[in-house]
Amino acid sequence: MSAGALSQAAPAKINLALHVTGRRADGYHELESLVVFADLADELEAVPADTDSLAVSGPFAAMLGSGSSNLALRAAAAFRARWPELAPSGLALRLTKNLPVAAGIGGGSADAAATLRLMAGMAAEPVPVAELADLAAGLGSDVPACLLSRPLIARGVGEILSPLPEFPQLHIVLVNPQIPVVTAEVFRRLRRRDNAPLPALPAPLTRPAQLGLWLAETRNDLEPAAVELVPGIGTLIGTLSGFAGCMLARMSGSGATVFGLFGSGAQAHDAAHEIRRLHPDYWVGAAPLLGP
Ligand SMILES: C[C@](O)(CO)[C@H](O)COP(=O)(O)OP(=O)(O)OC[C@H]1O[C@@H](n2ccc(N)nc2=O)[C@H](O)[C@@H]1O
Ligand SMILES: Nc1ncnc2c1ncn2[C@@H]1O[C@H](COP(=O)(O)OP(=O)(O)OP(=O)(O)O)[C@@H](O)[C@H]1O
């Protein structure tokens with residue numbers, strides 16, 4: 001890290017379950033989702049400067065612009081517009097883009113949330129949490145959840161959040177076939193927009209087996225539409241679910257990333273190792289989930 005820089009991890013978001021329960025008048029879809037975060041992240045560093053700037057490096061830097069449309073810069077501008085007296089006049093941001101882009105794991109949202117956390121941390125007085133969450137919702141549906149980066153249930157279009165007080169210790173394997181998926185296109189292809197809400201979670205939720213039973217009653221309602229666009233998603237789900245110890249294989253968000261959920265870190269690493277061997281051109285990550 002450069003001298004004087006503050007840093008924040010921007011962890012990958014995973015929708016373990018996602019039900020589409022309705023559609024609002026503005027066309028956005030009402031969702032209910034169990035959202036968790038993995039210990040796999042973009043890294044963001046910031047140093048106060050005269051003006052805002054962004055330098056992007058890392059494995060997925062080439063897929064992203066560093067101009068004002070980048071969500072990290074949009075988040076910085078939105079924070080300054082809301083709290084001009086609490087923000088530095090500029091920020092020199094350095095983003096290490098480790099997460100695939102337009103992949104259903106909310107990388108851009110995580111970067112925006114990490115920028116907001118950095119700026120709130122730099123402010124001379126505390127920034128009201130509810131107002132920061134409102135600002136986050138204006139930047140993207142997943143940004144409020146990414147601000148928290150802990151297990152939660154998200155409702156509405158992602159702005160109504162219920163953090164979970166406890167969650168089993170689990171490991172995740174993420175596999176992306178390196179085909180970007182446009183979120184709006186997946187929502188457009190939905191055949192049903194009035195699915196059942198999520199079942200009630202067991203309380204307390206501490207054992208992997210309890211979560212496994214609950215997940216078996218849930219779905220990702222975006223999966224069939226995404227599989228129509230990228231049939232390889234369906235194949236990957238089949239491959240992942242065949243590995244020893246895989247509790248569940250499913251798509252995250254609007255895809256194309258597929259996850260495998262494991263109780264054991266060793267079994268997750270074995271599965272990731274085998275997928276890298278089978279598909280050297282895919283992006284594969286394995287990590288523990290972040291706890292409450
Ligand atoms: C599917 C999820 O990943 C679940 O976590 C998110 O809800 C999507 O979050 P995101 O990628 O940040 O998406 P946004 O940038 O907010 O929306 C992209 C586009 O997807 C569609 N969209 C998104 C979210 C939503 N609840 N209903 C929608 O219909 C809209 O056409 C929107 O213009
Ligand atoms: N810092 C950023 N990182 C990733 N994408 C960004 C960033 N800034 C802007 N974008 C744009 O945002 C779009 C969505 O990127 P992102 O990686 O967040 O999607 P996603 O993983 O599909 O998210 P979700 O799970 O919320 O659907 C991309 O088309 C990308 O060009």
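Ala103 sits in the loop between β4 (90-96) and α2; helices (H or I, at least four residues) and strands (E, at least two) are DSSP runs, numbered from the N terminus. This is a predicted model, in which local features need pLDDT of at least 70 and side-chain atom pairs count only at pLDDT 80 or more, while totals for chains, interfaces and linings use all residues. Residues are numbered from 1 along each chain as its sequence is written, and chains are lettered from A and ligands numbered from 1 in the order in which they are written.

Is Ala103 buried or exposed? Ala103 counts as buried because it has 26 C-beta neighbours inside 10 Å. The cut-offs are these: a residue is buried if 20 or more other C-beta atoms lie within 10 Å of its own, exposed if 12 or fewer, and partly exposed in between, with C-beta atoms placed from the backbone. Gly106 is also in the loop between β4 and α2, and with 29 C-beta neighbours inside 10 Å, Gly106 counts as buried.

Here are the contacts of these two residues, leaving aside residues up to four places away in sequence. Two residues are in contact if their C-beta atoms, placed from the backbone, lie within 7 Å.

| Residue | Contacts |
|---|---|
| Ala103 | Asn176, Ala256, Thr257 |
| Gly106 | Ala12, Lys13, Asp142, Cys146, Gly253 |

The UniProt record (an unreviewed entry) places a "binding site" at positions including Ala103, Gly106 and Gly108. Such annotations may be inferred rather than shown by experiment.

Now to ligand 2. Which residues are closest to ligand 2? They are Leu71, Gly107, Gly108, Asp111 and Gly253, out of 19 residues that surround ligand 2; a residue is near a molecule if its C-beta atom, placed from the backbone, lies within 6 Å of it. The elements giving two or more residues to this shell are α1 and α2, and α2 gives the most, with 4 residues.

Helix α1 (residues 71-82) and helix α2 (residues 107-122) also pack against each other, at an angle of about 35° and with their axes 8 Å apart. Axes are lines fitted to C-alpha atoms, for helices over the stretch in contact, and angles run from 0 to 180 degrees between N-to-C directions. Among the residues making the contact are Leu71 of α1 and Gly108 and Asp111 of α2.

Finally, ligand 1 has 17 residues around it, and His29, Gly140, Ser141, Ala184 and Gly253 come nearest. β1 (6-23), β2 (29-49) and α5 (183-188) are the elements that give two or more residues to the shell around ligand 1.
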